[in-house]
Amino acid sequence: AKSLQDHMRGMLTLAHKNSYGLEMDDNTHWYLTALLMRFQFQNSDELSMRSRTGIPALATIYRYAVEADSSRERSLHLQNLGEIGMAFPAIFPNGNDERAVNNNYFISMAEAAYSALSESKATASTKALSPIFKELSLNVAGYSYLIYKAMKLQRDLSSDELDQELASIGYAPDDDSCDRSRIILPDFDDSSITLN
């Protein structure tokens with residue numbers, strides 16, 4: 001039986017196959033897989049409702065990062081800022097009419113957050129993830145679009161259809177698919193951060 005992680009990785013693989021010119025190494029692929037898994041259990045109606053009230057302004061998250069008492073806390077806020085900035089345009093590709101900003105704002109904030117993280121050596125986790133953050137910072141819009149395409153595949157294809165598409169490109173789940181504990185995504189209070 002295929003795990004949820006294998007399913008998400010497969011969707012990203014299939015979406016990436018048709019993303020001409022977008023480079024993605026294996027570690028970034030696993031990072032995005034973990035990110036997709038976080039969004040899997042929130043339906044779009046819930047995200048839409050909560051996006052109007054629950055996601056703090058990205059500038060506020062940035063302020064939290066600047067005012068953080070520790071390097072670890074600063075890194076977690078910047079990582080959350082990058083993830084929300086990259087994921088929001090994928091979840092709401094046409095923007096959100098309720099907000100006064102467009103998706104370019106989210107992309108720009110994510111680029112800045114991932115760029116800062118890629119240069120930070122403050123914590124062991126940040127240092128280990130630095131190459132992933134660097135790759136993401138160079139093409140946040142491309143990876144956001146990739147997440148959008150993977151989520152669209154989730155909606156449009158049955159599990160069997162997805163398996164057939166993946167088999168046609170030679171994709172098979174890795175044997176060590178559950179051994180990705182080195183990819184660490186931060187936990188945040190769900191009452192203030194809705195994309196968790």
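The legends below describe a predicted model, from the whole chain to single side chains.

In this predicted model, local features need pLDDT of at least 70, side-chain atom pairs count only at pLDDT 80 or more, and totals for chains, interfaces and linings use all residues. Residues are numbered from 1 along each chain as its sequence is written, and side-chain values use heavy atoms, with hydrogens and water left out.

**View 1. The protein chain has 9 helices and 0 strands.** From the N terminus, the order is α-α-α-α-α-α-α-α-α. Helices (H or I, at least four residues) and strands (E, at least two) are DSSP runs, numbered from the N terminus. The chain has 196 residues, and 49% of them count as buried. Buried means under 20% relative accessible area, exposed over 50%, and partly exposed in between (1.4 Å probe, protein chains only). Of the contacts with a separation of 6 or more, 77% join residues 24 or more positions apart. A contact means heavy atoms within 4.5 Å.

**View 2. Phe-88 and Phe-106 form a stacked aromatic pair.** The whole structure holds 5 aromatic pairs. Rings of Phe, Tyr and Trp (its six-membered ring) pair if their centres lie within 6.5 Å; planes under 30 degrees apart count as stacked, over 60 as edge-to-face and the rest as tilted. Here the centres lie 4.4 Å apart, with 10 degrees between the planes. Phe-88 belongs to helix H5 (residues 71-91) and Phe-106 to helix H6 (residues 103-119), so the pair ties together parts 18 residues apart in sequence. Phe-88 and Phe-106 are both buried.

**View 3. Tyr-114 and Phe-133 are stacked because their ring centres are 5.7 Å apart and their planes meet at 25 degrees.** Tyr-114 sits in helix H6 and Phe-133 in helix H7 (residues 124-138), so the pair links distant parts of the chain, 19 residues apart. Both residues are buried. Together with Tyr-31, Tyr-114 and Phe-133 make one aromatic cluster.

**View 4. Arg-9 lies over the face of Trp-30.** The distance to the ring centre is 4.1 Å. A charge sits over a ring if NZ of Lys or CZ of Arg is within 6 Å of the ring centre and within 35 degrees of the ring normal.

**View 5. Ser-75 is buried in helix H5.** Its relative accessible area is 5%. Leaving aside neighbours within four places in sequence, Ser-75 contacts Leu-117, Ser-120, Thr-123 and Thr-126.

**View 6. Met-37 of helix H2 (residues 26-39) is partly exposed.** Its relative accessibility is 26%. Not counting residues up to four places away in sequence, Met-37 touches Leu-4, Gln-5 and Met-8. Met-37 and Leu-4 are 33 residues apart in sequence, yet 7.6 Å apart in space, C-alpha to C-alpha.

**View 7. Helix H1 (residues 4-17) packs on helix H8 (residues 140-156).** The angle is about 115 degrees, with the axes 8 Å apart. Axes are lines fitted to C-alpha atoms, for helices over the stretch in contact, and angles run from 0 to 180 degrees between N-to-C directions. H1 supplies His-7, Met-11, Leu-12, Leu-14, Ala-15 and His-16 to the contact. H8 supplies Leu-146, Lys-149, Ala-150, Leu-153 and Gln-154.
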